[in-house]
Each structure stands twice: as C-alpha cells, then as structure tokens.
Amino acid sequence: MSEKQQVVPTVGVVVVAAGSGQRLGLGIPKARVLCAGRTLLEHSLDAVIAAGIASHVVVVLPQDDAVLSSVVAAAGRSGGAAVTAVPGGSTRTDSVRAGLDALPASIAVVLVHDAARALTPPDVFRRVAAAVAAGAPAVIPVLPVVDTVKVVDGDVVTATPDRGGLRAVQTPQGFDAVTLRAAHAAVGAAGPTVTDDAMLMEAHGATVRVVDGDALAFKVTTPLDLVIAEAVLARVPVDATSLPHVAG
Ligand code: C5P
C-alpha cells in the first residue's frame, strides 16, 4: 500500500431506542411514537443509512417490541449495512453496552446515537465519523448555549457559569471502539447520572473533541418537540435534511 492510500476504518453505529418515553406521556416507547406517519425509529434509521458510513448498525430496543423489531428488519432489507436488534437495559448506559457487545470485534469506530434525535441530518454522522477516523478517540457534536444557565441549590442560585464556555451536546457521538469498550468496562454498572458516553470517556482519561452539531439533531423529549418535528417534516415533506444548515 502506498503512503498516500488511506485506511478507511470500519464503522458501526449503535442506535439506542430502549427508553420508555415517559416525558412524552403517550404510554408507549418513544421510538414507536409516530411523527408525520412514521415511527421516530424509522426517521432515525433513515438518517443512519443515508449517511452511508456504517457496515453494521445495532438497534437497542425495549424487550419484546414487535413493532420496533419489524422496523429494524425492514431497515436491514434496505441494503447498505447489516442492521440487527438487541434488547436494552434499565439505563441508557446499559443499553449502549448491550449494543456495543453486539457489534463485531472488527469494528474500529463506533457511533452511538439516540433514536430520539430522529431528524439528525446524515452530514452530522459523516462529520463525527471523519473526526474519529482522523485520530480523535472521542468526538461529540455540539451547539452553542443560547440561554443563560444557572447552578442552583434548591431554589437558590449559587453560580452563573460563563455561557461562552458552555456547549449543548447532541448525538451521534463517535469513538475509537477499543477505547470506548475499555471505558464501559471500567465504569461497571453506571447509574442514570451518566447521560452520555463522552462522560465515560472523560472519566477514562480520553480527550473528547467537539465538532459542529445541528439544530435538527434536537432530542424529541416533550410533546412540544413532537410538534416541532412534525412541522419540520411538513415543511420539507420528502427530505428534511435539505433544510438550510441552522446550527449556531
Ligand atoms: O432518556 P434519555 O432522553 O436520555 O434517552 C436518550 C436515548 O437513550 C433515547 O433514544 C432512549 O430510547 C435511549 N435509552 C435506552 N435505554 C434506556 C434509556 C434510554 O436505549 N434504558
């Protein structure tokens, strides 16, 4: 191989979709909620597959969910990547670990993505994967924080961090696979206060780098988010990813 030839690492994506969606209040798992007539998981998998970077996609589902299992099977038939499902755990970290365990050992770069970020443009996946392939062990997409943020103790404000140094964090988050597996193994059973995988990498001593996120990668969490997602899809009925870049 000549010096100029680049080795393209094999990329796997873990899509975590095993959450209950309690904050949406619809009584079904969030990934199964319909948005413009399709489940949030279908929208998420469309973006993963359109990004065209992954050889393997593992989708982490609630136990025994026949609807979401059939969504995963259909995505697998679309070609391009092997798409499989595994059952999740009681915390997000447990679910990510189940997905990691199901990826082939040969995968060099892992992207971990929240199914709830259903409208994430494929470019964000490519941007994160490219930064990891270029040598960063951990890469997260971020946006500037527009609100002033306070630290509180009960109902008393104790500090106001400088907004300029804060970033709101999205997914997909990308990692060197060996380092991510080691970070998960080191933490053991992580509680619900571990809200993303970059936290585990920071605790493991790995440098976490940031790239531009995208406003369309917002997490569908509340009923208002669902209204916004429906409005975005109604505005561009065929491909929401062709909206102008609205980061920043
Ligand atoms: O609850 P939270 O908003 O942090 O969930 C983020 C993502 O993690 C969602 O896509 C959700 O389905 C997933 N999750 C999971 N297993 C859990 C909890 C959350 O796969 N036990």
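1. Salt bridges link Arg-92, Asp-114, Arg-117 and Asp-197 in a network. A salt bridge here is a side-chain nitrogen of Lys or Arg within 4 Å of a carboxyl oxygen of Asp or Glu, and by this rule the count comes to 6. The model is predicted, so local features need pLDDT of at least 70 and side-chain atom pairs count only at pLDDT 80 or more, while totals for chains, interfaces and linings use all residues. Residues are numbered from 1 along each chain as its sequence is written, and side-chain values use heavy atoms, with hydrogens and water left out.

2. Helices (H or I, at least four residues) and strands (E, at least two) are DSSP runs, numbered from the N terminus.

3. Arg-92 also forms a salt bridge with Asp-197, the closest N and O atoms being 3.0 Å apart. Because Asp-197 lies in helix H6 and Arg-92 in helix H3, the pair ties together parts that are 105 residues apart in sequence. A further salt bridge joins the side chains of Arg-117 and Asp-114 (3.5 Å, N to O).

4. The terms are defined as follows: buried means under 20% relative accessible area, exposed over 50%, and partly exposed in between (1.4 Å probe, protein chains only). Asp-114 is buried at 9%, and Asp-197 is buried at 1%. Arg-117 is buried as well.

5. Strand S6 also holds His-113, which is buried, with a relative accessible area of 0%. Leaving aside residues up to four places away in sequence, His-113 touches Val-14, Val-15, Val-16, Val-48, Thr-120, Phe-125, Thr-171 and Pro-172. Contact means heavy atoms within 4.5 Å.

6. One of the residues touched by His-113 is Phe-125, which is among the buried residues of helix H4, together with Pro-122, Val-124, Val-128, Ala-129 and Val-132. Seen down the axis of H4, these buried residues fall within an arc of 160°, so they line one face of the helix. The arc is that of the directions from the helix axis to the C-beta atoms. What covers them includes helix H1 (40-51), S6, strand S7 (138-144), S11 and strand S12 (208-212). H4 is followed by Gly-135, whose phi is positive, near 125°.

7. Which residues of helix H5 (residues 177-187) are buried? They are Ala-177, Thr-179, Leu-180, Ala-183 and His-184. Because they cover an arc of only 165° around the axis, they lie on the same side of H5. On the other side, Val-178, Ala-185 and Ala-186 are exposed. The buried residues pack against helix H3 (92-102), strand S6 (109-114), strand S11 (173-176) and helix H6 (197-203). Just after H5, Gly-188 takes a positive phi of about 65°.

8. Val-227 belongs to helix H7 (residues 223-235) and is exposed, with a relative accessible area of 52%.
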